[in-house]
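Please look over the sequence and the structure shown below before reading on.

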Amino acid sequence: MTKEIITTNETKPARKKYVLKKRETTRSNYKVNYETDLNQAQLEAVISKEGPILVIAGAGSGKTKTLTYRVARLIEDGIKPENILLLTFTKKAASEMLSRATIVLDDRCEKVAGGTFHSFANIILRRYSKLLKLKNNFTILDKTDCEDIINHITGQIYPKKEKRFPKKSTILEIYSKSVNKETPTKTIIEDEFPQFTHCEEKIIEIHKAYVGYKRENSVLDYDDLLLYVKLLLENNEGLRKTLSNQYQYIMVDEYQDTNTLQADVIKLLASEHNNIMAVGDDAQSIYSFRGANFRNILDFPKLFENTKIIKLEQNYRSTQNILKLTNTIISKAKEKYAKTLFSEIKSPVVPALICAKDTQMEADFICQRILELLDEDISLSDICVLARNARMSYSLEIELSKRAIPYQKFGGPKFMETAHIKDIVAHLRVIINPDDIISLTRILLLLKGIGASTVNSVIPIIKGQLNPNIKLLPSKKADSIIPMLKTLDKLSHLTTSKKPSDIVEEIIAYYRPILKDKYDDFAKREKDLDHFQYLAGQYSNLEDFISDMALEPPDSSVEGMYKRNSDDEALTISTIHSAKGLEWDSVFIIGAVDGRFPSAYSFNSEEEMDEELRLMYVAATRAKNNLYITYPVDMYDYSMNMVLSKPSRFLNGIDDEILEMWDITEE
């Protein structure tokens with residue numbers, strides 16, 4: 001019996017579709033407890049994985065911790081360590097981050113490709129040197145090597161240089177800026193070195209010969225490392241893709257300090273995926289003099305479409321009262337990423353603006369306040385004095401020495417170690433003691449046409465007497481030596497009747513032409529001479545002045561207080577540029593007088609004025625609990641021929657509740 005197949009036209013009811021959402025790559029079984037260890041903004045930065053990300057990390061907001069945890073997170077998400085690239089500005093920074101990541105996670109983090117831009121470039125160039133027709137055993141030149149090569153080339157091309165021709169170090173600086181800013185040498189000279197426009201063609205010719213010399217001899221300077229990596233990536237598409245795919249996740253620390261060339265290299269490396277995280281703070285961009293391009297961080301979202309911007313605004317360093325001031329200062333910036341730092345650290349202490357009648361009173365206040373802070377159990381090593389430039393702290397250094405307060409100085413040569421001050425002191429020593437052979441030798445070598453052999457023949461003639469028999473001097477050298485001897489001999493008879501400052505003034509007048517001939521940056525050094533004369537004005541006897549400079553200089557010990565042991569506590573004196581990234585319990589910002597901070601040189605440029613503002617912001621954000629900003633009201637500026645007496649314009653109009661005003665009175 002056959003079964004009958006029944007057909008029907010009935011349709012089955014439509015089946016509903018249930019969509020399973022794509023599972024996130026994140027897992028709940030992470031070894032590291034990111035949610036507990038990080039604040040919300042830090043966590044967002046750490047777990048954000050794909051695409052371009054810009055992390056605006058405010059001062060003291062845990063930038064290093066965020067980068068450290070992101071390295072760990074990427075590895076926990078299954079990214080191979082060798083596919084992660086971490087670029088920093090110092091080897092120490094990269095090592096520290098990867099070491100911390102290893103502690104947070106495990107030793108896989110040590111396999112992450114991390115280092116400075118230049119160390120990374122060196123590895124890549126040695127590996128692919130043939131593509132650039134370079135030998136892979138090329139030598140990397142240091143600054144001194146580069147200067148010597150430039151000096152050699154200059155001597156060959158132009159054996160007779162013009163009177164005002166740049167020194168080898170200046171020629172190298174011009175070339176370096178041209179490379180890093182990707183700007184023609186001619187433009188760099190016109191914009192930043194206008195005093196050498198009369199010989200710009202010769203400078204350009206030297207630069208061309210310098211490039212040829214390096215290629216011919218298989219040597220590279222620091223700038224070449226970045227330049228050649230960029231050329232390598234631009235001209236070899238296959239290699240660019242290979243490297244971009246190898247480094248699938250790129251992180252760059254301190255992005256606000258990158259130059260144009262570095263930004264181009266980063267863009268090329270990320271070209272296949274755009275998985276780039278740049279971490280930095282536009283408010284702390286203060287290195288334009290090194291070639292850093294402030295626009296890099298501002299224009300990052302334009303360079304990388306669909307950039308995700310994350311702001312780290314919680315500060316773990318400073319009190320809320322200090323942040324109220326720093327937020328007010330940076331709010332005046334023309335261009336910025338708007339952010340408001342906040343802190344859970346509360347304190348009734350408010351930052352103070354202190355007016356002093358002169359630099360001596362300013363120094364007296366700082367010394368007394370430091371001693372008071374020590375009585376409050378604040379360590380001397382947790383106190384810092386910050387200055388716009390190294391010269392601003394000279395009076396303070398002398399006062400600290402007199403009071404036996406030990407200190408260490410960063411960010412510039414100490415006053416008595418600068419060559420031009422040593423030159424002036426040598427002249428004064430010879431006036432006091434014509435038997436001082438060391439000082440005699442120094443000042444003779446400053447003279448044109450006088451070398452070591454001439455000095456050896458002249459010293460026996462003039463030692464002990466500044467008015468020798470002129471006929472005994474070498475006839476061809478006498479015209480150089482006699483004016484110096486006459487000046488010194490005249491002043492040696494006036495040491496008891498003339499003020500030390502008057503004698504110093506005459507020595508400076510004699511020395512000034514030598515200064516201009518010897519140093520390209522003579523204008524900056526002249527301010528040191530003015531300050532030296534000011535210090536001399538505090539003495540009534542020249543010998544006492546010179547003795548004090550020897551016995552209690554700003555850079556040597558007084559009664560054993562400056563032991564060079566690492567365990568010794570010492571006050572820190574630093575330029576602001578050298579203090580970036582550091583912190584202290586109590587901070588003094590000195591010389592905050594308008595015309596010096598901001599510098600008068602920045603008055604005609606909005607960009608430079610904004611960088612000066614950021615410099616003030618960086619200085620103020622170094623303080624944890626106490627912040628003192630001081631300014632003298634009688635600071636004379638020789639370049640502007642006027643007395644500077646007003647506080648920095650960056651502090652104008654700030655409420656007393658945010659910045660207290662202090663006046664110093666004397667007992």
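## Basis of the model

This is a predicted model, in which local features need pLDDT of at least 70 and side-chain atom pairs count only at pLDDT 80 or more, while totals for chains, interfaces and linings use all residues. Residues are numbered from 1 along each chain as its sequence is written, and side-chain values use heavy atoms, with hydrogens and water left out.

## Helices 22 and 23

Helix 22 (residues 500-518) packs with helix 23 (residues 522-536) at an angle of about 165°, and their axes lie 9 Å apart. Helices here are DSSP runs of H or I with at least four residues, numbered from the N terminus, and axes are lines fitted to C-alpha atoms over the stretch in contact, with angles from 0 to 180 degrees between N-to-C directions. The two helices are therefore roughly antiparallel to each other, a term used for angles over 145 degrees. Helix 22 passes helix 23 in a right-handed crossing, meaning that the near helix is turned clockwise from the far one by less than a right angle.

On the side of helix 22, the residues that meet helix 23 include Val 504, Ile 508, Tyr 511 and Leu 515, and among their partners in helix 23 are Phe 522, Leu 529 and Phe 532; contact means heavy atoms within 4.5 Å. The residues of this contact divide into nine nonpolar, two polar and five charged, where Ala, Val, Leu, Ile, Met, Phe, Trp, Tyr, Cys and Pro count as nonpolar, Asp, Glu, Lys and Arg as charged, and the others, Gly among them, as polar.

## The largest cavity

The structure holds three cavities of 30 Å³ or more, and the largest of them has a volume of about 60 Å³. On a 1 Å grid over the protein atoms alone, a cavity is a set of points where a 1.4 Å probe fits but cannot get out, and lining residues have an atom within 4 Å of a point; a volume is the space filled by probe spheres set on the points, which are joined across faces, edges and corners.

Helix 16 (359-375) and helix 17 (394-402) each supply at least two residues of this lining, and helix 16 gives the most, with four residues. By class, the lining has five nonpolar, three polar and one charged residues.

## The second largest pocket

The second largest pocket has a volume of about 490 Å³, a pocket being an open set with protein on both sides within 12 Å along at least five of seven lines. Of its 18 lining residues, the closest to its centre are Leu 446, Lys 448, Pro 513, Ile 514 and Asp 517. The largest share of the lining, six residues, comes from helix 22.

Definitions and conventions. Parallel < 35°, antiparallel > 145°, perpendicular 65-115°, else oblique.
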